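Welcome! Please take a moment to look over the sequence and the 3D view below.

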Amino acid sequence: MEAGGAYGGGKAGAPFDPFTFVQKPQVILRAVCLLFAIIVFGCISSEGWMYDEKEKREYCIYNRDASACHYGTGVSVLAFLASIGFLIGEYLFEQMSSVKTRKHYVLLDLGYSSFWTLLYFIGFCYLANEWSNAETPEGNYGVNNAQAVIVFSFFSIFTWAGCAWFAYQRFRAGVDSAFAPSYEADPSLPGAAYTSYGPDSDTTYQEAPFSQNQQRGPGDYQAPAY
């Protein structure tokens, strides 16, 4: 987690380092989410539909449930677009000088990533169930692609959950820094040590300089000299 700026980011205005950027865990996970979304969308688009010669129409190979193909395509396309958007956001995050802007970005990241983790979990269960009940397509058409969609939908659950976890860590870092004490110990407070201000003295006093004069009794009075 980067230190030095609000919500776990670097200080605004710092020079951009591409090597440091591509090594950030958030960027790596977003790139993996982008790759998995392309695989899911590509597999469904290429061989997720099969043409029925008898009925003269296409049907989804997932148990002839068109909703299953549409669901997988819709979730993966939106995940693809969101991954690109968040990659751009990671680049701009270091340039955000406003703490509120960073907070809004982190909350958006947390909410969207958590929601898409849930959608991929539902999609995995949905597609796996439909595929288990489906008849094997003629000539094993699209079998490998259909299985790849299920596998990479399962992997996407963890990648998006990882993005949500990093966003939550950023949010916690921002909250902790907002409530961190910005004051230092005041030497005038009770129990603080008094430090002498002589040029060569490192002596510290646990009592006030005039404490001895305040402890004199009535018989220790000295008349002033004129």
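What follows is a short tour of salt bridges, aromatic rings and a pocket.

## About the model

This is a predicted model, in which local features need pLDDT of at least 70 and side-chain atom pairs count only at pLDDT 80 or more, while totals for chains, interfaces and linings use all residues. Residues are numbered from 1 along each chain as its sequence is written, and side-chain values use heavy atoms, with hydrogens and water left out.

## Salt bridges

Side chains of opposite charge can pair when their charged atoms come close. Here a salt bridge is a side-chain nitrogen of Lys or Arg within 4 Å of a carboxyl oxygen of Asp or Glu. Five salt bridges are found in the whole structure.

One of them joins Glu90 to Lys24, at 3.3 Å from N to O. This pair links distant parts of the chain, 66 residues apart: Glu90 is in helix H3, and Lys24 is in the loop between helix H1 (18-22) and helix H2 (25-47). Helices (H or I, at least four residues) and strands (E, at least two) are DSSP runs, numbered from the N terminus. Glu90 also forms a salt bridge with Arg170, where the closest N and O atoms are 2.9 Å apart. Arg170 lies in helix H5 (residues 143-178) and Glu90 in helix H3, so this pair ties together parts 80 residues apart in sequence. Through shared partners, Lys24, Glu90 and Arg170 join into one network. Both Glu90 and Arg170 are buried, meaning under 20% relative accessible area, with exposed over 50% and partly exposed in between (1.4 Å probe, protein chains only).

## Aromatic rings

There are 16 aromatic pairs in the structure. Rings of Phe, Tyr and Trp (its six-membered ring) pair if their centres lie within 6.5 Å; planes under 30 degrees apart count as stacked, over 60 as edge-to-face and the rest as tilted. Tyr62 and Trp131 are edge-to-face because their planes stand at 65°, with the ring centres 5.8 Å apart.

Phe93 belongs to one aromatic cluster with Phe86, Tyr105, Tyr112, Phe115, Trp116 and Trp160.

## The largest pocket

The largest pocket has a volume of about 300 Å³. On a 1 Å grid over the protein atoms alone, a pocket is an open set of points where a 1.4 Å probe fits, with protein on both sides within 12 Å along at least five of seven lines; lining residues have an atom within 4 Å of a point. The volume is the space filled by probe spheres set on the points, which are joined across faces, edges and corners.

Of the 16 lining residues, Met50, Tyr59, Arg64, Glu135 and Pro137 are the closest to the pocket's centre.
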